[in-house]
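Biologist: I'm new to this one. Could you put it on the screen and walk me through it?

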Amino acid sequence: MSTLGPPPGEAGLTAREADVLRLVARGQSNNEIAAELVLSVRTVERHITNLYGKIDARGKADATAYAIRNSLV
């Protein structure tokens, strides 16, 4: 069984990246995440890029699996 990335604390996720990851894992779009967190869509996209690199995710499915495994949702 493959595991993606280290646990959130060890992955070095910022609090905002963890917030974005939770919302990605809940199936929200980038626009919905931006509205909920009062950020620009571009900022959300940057957070997603950064957190994917930290948790070694290739897309939303990987990120969602990581969030579930690490009890972020």
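**Helices and a loop**

Modeller: Let's start where two helices touch: Leu21, Val24 and Ala25 of α2 meet Lys60, Ala63, Thr64, Tyr66 and Ala67 of α5. Sorted by type, the residues of this contact are six nonpolar, one polar and one charged. Keep in mind that the model is predicted.

Biologist: How are α2 and α5 oriented to each other?

Modeller: Helix α5 covers residues 60–69, and the axes of α2 and α5 are 9 Å apart. The angle between the two is about 110 degrees. Angles of 65 to 115 degrees get one label, so α2 and α5 count as roughly perpendicular.

Biologist: Is Asp19 buried, partly exposed or exposed?

Modeller: You'll find Asp19 in helix α2, residues 15–25. Its relative accessibility is 28%. Buried would need under 20% and exposed over 50%, so Asp19 is partly exposed.

Biologist: With which side chain does the side chain of Gln28 make a polar contact?

Modeller: Gln28 sits in the loop between α2 and α3. Leaving out residues up to four places away in sequence, Gln28 touches Leu23, Ile33, Glu36 and Lys60. The polar contact, at 3.2 Å, joins the side chain of Gln28 to that of Glu36.

Biologist: Which element has the highest mean pLDDT?

Modeller: For the protein, the mean pLDDT is 90, and 86% of the residues reach 70 or more. Among the elements, helix α1 (residues 8–11) has the lowest mean, 62. The highest mean, 98, belongs to residues 30–37, helix α3.

Definitions and conventions. Residues are numbered from 1 along each chain as its sequence is written. This is a predicted model: local features need pLDDT of at least 70, side-chain atom pairs count only at pLDDT 80 or more; totals for chains, interfaces and linings use all residues. Side-chain values use heavy atoms; hydrogens and water are left out. pLDDT is the predictor's confidence in each residue, from 0 to 100. Helices (H or I, at least four residues) and strands (E, at least two) are DSSP runs, numbered from the N terminus. Buried means under 20% relative accessible area, exposed over 50%, partly exposed in between (1.4 Å probe, protein chains only). A polar contact is a pair of N or O atoms within 3.5 Å; within protein, one must be able to donate a hydrogen and the other to accept it, and residues adjacent in sequence count only if both atoms are side-chain atoms. Contact means heavy atoms within 4.5 Å. Axes are lines fitted to C-alpha atoms, for helices over the stretch in contact, and angles run from 0 to 180 degrees between N-to-C directions. Angles under 35 degrees count as roughly parallel, over 145 as roughly antiparallel, 65 to 115 as roughly perpendicular and the rest as oblique. Ala, Val, Leu, Ile, Met, Phe, Trp, Tyr, Cys and Pro count as nonpolar, Asp, Glu, Lys and Arg as charged, and the others, Gly among them, as polar.
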